[in-house]
Amino acid sequence: MTSISYVKQQRITRLCVRCGLLLMQYGAESAVVVDLSKRLGLALGMNSVECSLNFNAITLTTICDERCITTTRDTINQSINVNLLVQIQQIINKTEATVDNDNLIDRTTLAFDELDKTVYPTWLVSIFVGASCAAFAYLNGGSWSITAVTFIAGMVAMFTRIYLSKHHFNPFITVIVTAFIASLIGATTYYFDIGNNADIAVASSVLLLIPSFPLINSFSDILKGYVNIGIGRAVFTYMLTLSACVGIVMALVLMRIQHWGF
């Protein structure tokens with residue numbers, strides 16, 4: 001096997017940690033992050049790759065010819081993007097299947113540079129989220145007027161959440177404001193006596209704030225041995241849920257609704 005220079009190992013290390021960062025930022029579970037980062041390093045010629053994860057950081061070490069290079073990077077939470085995770089996995093599969101090692105690092109780096117990070121337009125996402133909240137309200141016995149109010153509440157709330165996220169607001173503040181707006185619009189069914197059951201509108205309009213994907217990831221991490229990051233993700237999820245409750249209570253207090261619930 002051809003000896004790999006120190007500079008080349010540095011490039012491979014940076015590429016592996018970049019892979020791990022992208023996977024963590026866009027919602028991959030810890031086992032997938034570690035597995036794909038190691039596979040990429042091995043495919044590029046490393047003897048071994050070690051990866052350690054924290055809730056907001058990743059540490060990665062490449063070993064080649066008894067020479068170690070270690071790097072640490074901070075992570076920034078992004079919205080979940082499964083399409084991007086699939087693209088990264090396809091890049092690694094292609095790298096592993098490549099027989100010709102000439103310029104393999106350059107080609108893999110170029111593939112990461114050309115990742116498609118485009119997302120659906122804000123207005124389209126807001127409409128579909130509003131429709132899903134409205135469908136839930138209808139399935140739970142809400143009248144058409146309740147369904148219509150829930151649709152508007154969910155749509156406006158999702159638009160608000162995306163807007164605040166793009167402007168880098170604290171995620172907990174974002175959830176509080178989003179829950180407040182959704183509950184405020186949903187609670188108009190109480191104030192104006194709209195529909196057959198106002199409770200359905202309030203409950204359904206905040207469904208978009210349920211952190212199901214992060215919660216599943218936290219349980220998966222704990223069960224697969226990544227206890228530290230799993231607990232960190234679980235705490236973060238519970239704090240998001242608490243923030244949503246705060247926003248709902250604020251809206252109900254403002255509307256002077258003293259009793260709410262099924």
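1. Phe219, Ile222, Val227, Ile231, Val235, Tyr238, Met239, Leu242, Val246 and Met250 make up a nonpolar surface patch with about 840 Å² of accessible area together. Patch residues have over 30% relative accessible area and no salt bridge, with nonpolar side chains (Val, Leu, Ile, Met, Phe, Trp, Tyr) joined within 5 Å and like charges within 9 Å. A salt bridge is a side-chain nitrogen of Lys or Arg within 4 Å of a carboxyl oxygen of Asp or Glu; areas are Shrake-Rupley values with a 1.4 Å probe, only the protein chains shown counting as cover.

2. The model is predicted: local features need pLDDT of at least 70, side-chain atom pairs pLDDT 80 or more, while totals for chains, interfaces and linings use all residues. Numbering runs from 1 along each chain, and side-chain values use heavy atoms, without hydrogens or water.

3. Helices α10 (212-223) and α11 (227-254) each give at least two residues to the patch, and α11 has the largest share, eight residues. Helices are DSSP runs (H or I, at least four residues), as are strands (E, at least two), numbered from the N terminus. Val227, in α11, counts as partly exposed because its relative accessibility is 38% (buried is under 20%, exposed over 50%, partly exposed in between).

How values were computed:
Buried < 20%, exposed > 50% of the residue type's maximum accessible area, 1.4 Å probe, protein only.
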